[in-house]
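Subject: Structure for you to look at

Hi,

Here is the structure I promised to pass on. Please open it next to this email and follow along.

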Amino acid sequence: MQLLGQKLLTDFQIKHPNARKPLDAWRIEVTHSNWNTSQDIKERYATASFLENNKVIFNIKGNDYRLVVKVQYKRNMVQIEWIGTHEEYNKKKF
């Protein structure tokens, strides 16, 4: 998959160094994946949650952090939309 918006991850890793390894691992997996449906994601990320408009929420570092992306399956693209702590996520409306 082509991964767009990686600067959000990089900036977040600077503020939260303990998220660096889990986010780097996620990034590598995504760029080497080929997701055609939400089921492809669910098979690898059992805790992923799915919202309207092909948005997916990933739990990062044992659910310390939440990552929100939009997947464009036909275009083979993943757009990073938001990343934050679990607490920050609970205050957001997606």
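Which residue in β5 is the bridge partner of L3? It is V78. More on that below, after some ground rules.

This is a predicted model, so local features need pLDDT of at least 70, side-chain atom pairs count only at pLDDT 80 or more, and totals for chains, interfaces and linings use all residues. Residues are numbered from 1 along each chain as its sequence is written, and side-chain values use heavy atoms, with hydrogens and water left out.

Strands

Helices (H or I, at least four residues) and strands (E, at least two) are DSSP runs, numbered from the N terminus. Two strands pair if DSSP finds at least two bridges between them.

Start with β1, residues 2-4. Strand β1 pairs with β5 in the parallel sense, over three bridges.

Now take β4 and β5. They run antiparallel, and eight bridges join them. K70 has Q79 as its bridge partner in β5. Y65 has T85 as its partner there.

On to β3, residues 55-60. Strand β3 pairs with β4 in the antiparallel sense, over six bridges. V56 has V69 as its bridge partner in β4. These strands also form a hairpin, with four residues between them. K61, in the turn, has a positive phi of about 55°.

How covered are these strands? Buried means under 20% relative accessible area, exposed means over 50%, and partly exposed is in between (1.4 Å probe, protein chains only). In β5 (residues 77-85), seven of the nine residues are buried. In β4, six of the eight residues are buried, so β4 is largely enclosed by the rest of the structure.

Helix α2

Next, look at α2. This helix has 12 residues. From first C-alpha to last, α2 reaches 16 Å. That is close to the expected 16 Å, where the expected span is 1.5 Å times one less than the number of residues.

Which residues of α2 are buried? L23, W26, R27 and V30 are. Why do they line one face? Seen down the helix axis, the buried residues fall within an arc of 100°, so they line one face of α2. The arc is that of the directions from the helix axis to the C-beta atoms. Here is the general rule: an α-helix has 3.6 residues a turn, so residues three or four places apart point the same way. On the other side of α2, K21 and I28 are exposed. The buried residues of α2 pack against β1, α1, β3, β4 and β5.

Q13 sits in helix α1. Q13 is buried, at 3% relative accessibility. Contact means heavy atoms within 4.5 Å. Leaving out residues up to four places away in sequence, Q13 touches A19, R20, L23, D24 and R27.

For a contrast, find H32. It is in the loop between α2 (20-31) and α3 (38-44). H32 is exposed, with a relative accessible area of 66%. H32 and I80 are 48 residues apart in sequence and 16 Å apart in space, C-alpha to C-alpha.

Rings

Rings of Phe, Tyr and Trp (its six-membered ring) pair if their centres lie within 6.5 Å; planes under 30 degrees apart count as stacked, over 60 as edge-to-face and the rest as tilted. How many aromatic pairs does a search of the whole structure find? It finds five.

In one of them, F12 and Y65 have ring centres 5.2 Å apart and planes at 85°, so the pair is edge-to-face. F12 lies in α1 (residues 6-15) and Y65 in β4 (residues 65-72), so the pair ties together parts 53 residues apart in sequence. F12 is buried, at 7%. Y65 is buried, also at 7%.

W82 and Y89 form a tilted pair: 6.2 Å centre to centre, 45° between the planes. Both residues are buried. Ring pairs also link W26, W35, Y45 and F58 into a cluster.

Last, charges over rings. A charge sits over a ring if NZ of Lys or CZ of Arg is within 6 Å of the ring centre and within 35 degrees of the ring normal. R44 lies over the face of Y45, 4.8 Å from the ring centre. The charged end of R66 sits over the ring of Y89, 4.5 Å from its centre.

Best wishes
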